[in-house]
Amino acid sequence: MPDAMVAARVSEAASGTTQQVDVAVVGAGFAGLYLLHRLRKAGFTTAVLEEADDVGGTWYWNRYPGARCDIQTIDYSYTFDPELESAWKWSEKYATQPEILRYLGFVADRYDLRPDIRFRTRITAATWDQAVERWLLTTNSGATVSCRYYIMATGCLSSPKPPEIDGVKDFKGEIYFTSRWPREEVKLAGKRVAVIGTGSSGIQAIPLIAEQAAHLTVFQRTPSFAIPAQNGPPPADRVALLKSDRASYRAQARDSLAGVPWPLSTVVSWQLSDAERRERFETAWAAGDLIYILTQLWADQGVDFEGNAVLADLVREKIREIVKNPETAAALTPHDHPFGAKRPCLDTNYYATYNRPNVTLVNLRQEPIKSITASGIKTDKRTADLDVIVFATGFDAMTGAIRAVHPITGRGGKSLSDVWTHGPQTYLGLTVAGFPNLFMITGPGSPSVLSNMAVSIEQHVDWVVDRLIAMREAGFTTIEATETAQAGWAQHMADCSTLTLHRLANTWYTGANVPGKAQGVMPYPGGVGPYRSICNEVVSHNMLGFRLTGPNGAEQCNDGQIVRLQPDVRLVLNMLADMKLPPLECFGAQGARDFLAAFNAARPAGRPVGDVVDGTLTVTGGSLPYRLYRPATPGPHPIVVYFHGGGWVLGDQVSDEPFCRDMCRRSGMIFVSVGYRHAPEHRFPTAAEDGYAATRWIAEHAADLGGKPGPVMVAGWSAGANVAAVTCQLARDRGGPQISGQLLVCPVTDCTFDRPSYNDNATGYFLTRSLMFWFWDLYCSPADRTDPRVSPLRGKLQGLPPAFVTTCEFDPLRDEGVAYAEAMSAAGVPVEQLKARGHFHTSMTMVDVVITGVSGRVQMADALRRFAGLPPAWREGDVGFRPSQVVAPHEIASAAE
Ligand code: NAP
């Protein structure tokens, strides 16, 4: 826009009258432009306020040499208008900053957006006026704006972080920030230049600065992982895929995890050989695509420490191959965070730049900066004389872009800064309780920076504008998140955070890069597709978690928490619902067994253990098959006798194989999974008697099985936990074998169906009330059901071995499991309980699928080790990984009181 026009509009705004609009938007970047377009089309009067003198947002300010996007540009584009998509052609796989800025200017012109944008306008305060239900904005020009709705389209990385180094003001040379690079050409030729910072910006700028400067000194505090961009024209295969069916390509992106249409990878690292893993890695290295390497190698690299370490090691190997000086290579190699936990970078010649004679790397971990002086930078070990210092030191990310820009005062004089003192609190990353009619586009708590921002921006803008239209139609004038919904979202965010590895790195994702900032994963790590479906669910549940009000006392509030399930449980249940499976009980017993066997055949058996041995054991009336899982550590090991789930009707000694392997690895114990006999062929009390007899046989043959002679432990899941519990009672009453502990996972303990969990979770959580009825009918006649050999809760509970009882919140069996734990505790049995919040009946046994079950399995393995008198065995990636509630025995006692 010509300067004269800008000046005219600024003076018009300064004329004193308050501009009245329906919606005010801050920022004219990707989000602000699309918002303006949609709001105007929907008939809302709109003003966009922008500090810069042109559109572009982050792409306006970040003009440093080498600035490019690092999502392929065909994906990093607007998709709301197919004609716009055909009207613009990207010249490169990763477009440069000038090309992206031209694109945004092209969009602004195509939809004639500039007339409603006030450039060079900074908002100085935003205050909610409850009396008129409007926001009042004051600006640096003196002009004021009154709006019904206030939308922050300020981006996530727009508030640069101060360098926090003494003496910056003393430096007599030139100083530049990558985040505020000047418009005019910066001449670096022949100069001694320093770059401080080796995140995405530094890594893009360093190779180009090195080509110009007489000498470049890079000051690195923490090395980042970087992979080569392999830039060039947009890849023909991706362009062809897009063109072949644009609508479905875009739809897949919207439903994907990261906002780019790559399929979900299901294979996990330990299923692949070394050669296969290397081949996949080399393909990814050659592809030059962050989303590809983060999502397509193996499914566990983003969620499992070991799966991630394989990839991180391969990248480290590449760094050592490229960088000739071993000391420099070592300094450039990250060791303090998993790959992807800190934002990985995309580079062009970054590592090779350190082979140039005019480039020096200073490792600040070994020689921290002491100060910046008039002539350069002083560390503990050297003084670098400099003409130019470039700060690539990053941003006060996410909250900085909203909290730091200006005071925002909500209902009752609440300040957003105060509300966020201990970290951002939002509902869906879109709204904040106490701040009516305020929206954030890609705010903290939304997928934002963990996704393709273009896709996330469009989703947010569409959701917000659609809500404003719906409110107008329904006659509502205010919308505000409830405290319950906001607290629920914080819980869901925390649950998602335990799922990924982001919590294991100190990064700007967690606020760790800004001294004194509250720490916690800020972007939503649950994925773009799941997030979109949650936002849509909020709407279909009558705006769950929002209070809407209108004139004449009109009010609507459907209060509540939108996601109570663990995030991966939600995914599994949605997938099962999509499969529209008939109820298992319709198949008949044999049909259900065949179905289960087919289901299990498609599942990986689980991680390797030391040894897997099949055998048979003898019981009265025949023999039973068993499968033994032995740890890879030297024996003899304590023995756990395991009983599988399946309602006394289904399953066998291998049907819980992944769980047995996982528990064998975590506990360091032998698991012997017993194939006890099933109903309806063998009705009550066969399963119970088989369980007891098998335990006796295994205890007697412990040494032959490679186990430690002496007491054994028993464990089981579901009906198998029923068999384990009954076995403990029988062993006590029949003089052995000695059992040192019982692990009961979602046990059946009683024959009544009237506890609340049977009704709360009657359908929709895989194990249904009607399936349980069917199991009971096949196994046990009504007359036998109160026998303690099938309803152990009705038996004598004194003198039983110590127990660890796991129950899941969304399980019909939850309350009878809790009742059994409490009753045993009351009878003097040492009991620990794990009440797994947000989990369902199969959560703990779906190893490698329900990742949030890891913490539960760690705790169960520890309990087994306690029963055996051994110390806990934590894995590195499990530290701090405890989303569920463990109740210690004394807490049960006090709760009972
Ligand atoms: P950044 O990733 O936060 O990197 C800042 C760098 O400066 C880090 O190496 C940091 O070290 C260092 N640093 C900060 N303060 C320092 C100090 N006082 N002394 C020494 N070193 C200091 O920031 P960024 O590179 O600007 O990137 C931020 C984000 O913007 C990226 O992660 C990415 O999401 C986005 N971005 C995207 C693109 C793209 O699309 N291509 C390009 C650039 C940026 P520590 O790690 O030790 O704190």
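Below is a chat about salt bridges, strands, helices and a surface patch in a predicted model.

Trainee: What should I know before I start clicking around?
Mentor: This is a predicted model, where local features need pLDDT of at least 70, side-chain atom pairs count only at pLDDT 80 or more, and totals for chains, interfaces and linings use all residues. Residues are numbered from 1 along each chain as its sequence is written, and side-chain values use heavy atoms, with hydrogens and water left out.

Trainee: Okay, salt bridges. How many are there?
Mentor: The count comes to 51 salt bridges, taking a salt bridge as a side-chain nitrogen of Lys or Arg within 4 Å of a carboxyl oxygen of Asp or Glu.

Trainee: Which residue does Arg-192 pair with?
Mentor: Arg-192 pairs with Asp-387, and their closest N and O atoms are 2.8 Å apart. Arg-192 sits in strand E8 (residues 192-196) and Asp-387 in the loop between E15 and strand E16 (388-391), so the bridge ties together parts that are 195 residues apart in sequence. The strand and helix labels are DSSP runs numbered from the N terminus: helices are H or I with at least four residues, strands are E with at least two.

Trainee: Is Arg-192 buried or partly exposed?
Mentor: Partly exposed, at 36% relative accessibility. Buried means under 20% relative accessible area, exposed over 50%, and partly exposed in between, using a 1.4 Å probe and protein chains only. Asp-387 is also partly exposed, at 24%.

Trainee: What about Arg-785?
Mentor: Arg-785 forms a salt bridge with Asp-777, with the closest N and O atoms 2.7 Å apart. Arg-785 is buried at 11% relative accessibility, whereas Asp-777 is partly exposed at 47%. Elsewhere, salt bridges that share partners join Asp-304, Glu-306, Arg-607, Arg-665 and Asp-848 into one network.

Trainee: Switching to strands: which faces of E24 are covered?
Mentor: Both of them: Ile-639, Val-641 and Phe-643 are buried on one side, and Val-640 and Tyr-642 on the other.

Trainee: Which strand does E24 pair with?
Mentor: E24 (residues 639-643) pairs with strand E25 (residues 670-674) in the parallel sense over 5 bridges. Two strands pair if DSSP finds at least two bridges between them. Tyr-642 has Ser-673 in E25 as its bridge partner.

Trainee: What's the strand order in the sheet with E14?
Mentor: E13-E14-E15, an open antiparallel sheet of 3 strands. Its edge strands, E13 (369-372) and E15 (383-385), each pair on one side only. Within the sheet, Ile-369 stands opposite Thr-379 in E14.

Trainee: Now helices. How far does H27 reach?
Mentor: H27 (residues 854-867) reaches 20 Å from its first C-alpha to its last, close to the 20 Å expected; the expected span is 1.5 Å times one less than the number of residues.

Trainee: Why is it called largely enclosed?
Mentor: Because 13 of the 14 residues of H27 are buried. Just after H27, Gly-869 takes a positive phi of about 75°.

Trainee: Last one: where is Leu-581?
Mentor: Leu-581 lies in the loop between helix H19 (567-579) and helix H20 (588-601), and counts as partly exposed at 31% relative accessibility.
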